[in-house]
Amino acid sequence: QVQLVESGGGLVQVGGSLRLSCVGIGISFRDYNMRWYRQAPGKERELVAHIGASGITNYSDSMKGRATISRDDRRNTLDLQMNSLKPEDTAVYYCNQPTSGFWGQGTQVTVSS
């Protein structure tokens, strides 16, 4: 069966950094667009970052300049480096392959003040 497994979330202080990772099991990342989303309680799921199969990246306005999405197709992994974290970044972060419609289970990021 297909699994997208996120890791790297946790509790971090304001201004801190986290690196989230996603590994695909039973699914190939190569030649597919990949995305990171997040969802805070009571809010809609929000696109955080996108990386195309070509390597072209796009970021949400809130994350632009503070996040870097990357991929390693040899390892079948997707990463999201986040810096200068704010309390507003607190959310569950999800790995997504839009073409296939598969989602990970999410990893919790909590930024404390």
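Two strands pair if DSSP finds at least two bridges between them, and strands are DSSP runs of E, at least two residues long, numbered from the N terminus. Keep that in mind for these exercises on a predicted model, where local features need pLDDT of at least 70, side-chain atom pairs count only at pLDDT 80 or more, and totals for chains, interfaces and linings use all residues. Residues are numbered from 1 along each chain as its sequence is written, and side-chain values use heavy atoms, leaving out hydrogens and water.

**Exercise 1.** Find how many bridges join S7 to S8, and which residue stands opposite Ser70.

*Solution.* Start with strand S8, residues 77–82: six bridges join S7 to this strand, and the two run antiparallel. Finally, step back to the open sheet, whose four strands follow the order S1-S3-S8-S7 with antiparallel pairing. Its edge strands, S1 (3–7) and S7 (67–72), each pair on one side only.

**Exercise 2.** Classify the pair of Tyr37 and Trp103 as stacked, tilted or edge-to-face.

*Solution.* Recall the rule first: rings of Phe, Tyr and Trp (its six-membered ring) pair if their centres lie within 6.5 Å; planes under 30 degrees apart are stacked, over 60 edge-to-face, and the rest tilted. Here the centres are 4.8 Å apart and the planes meet at 55 degrees, so the pair of Tyr37 and Trp103 is tilted. Now locate the partners: Tyr37 lies in strand S4 (residues 34–39) and Trp103 in strand S10 (residues 102–103), so the pair ties together parts 66 residues apart in sequence.
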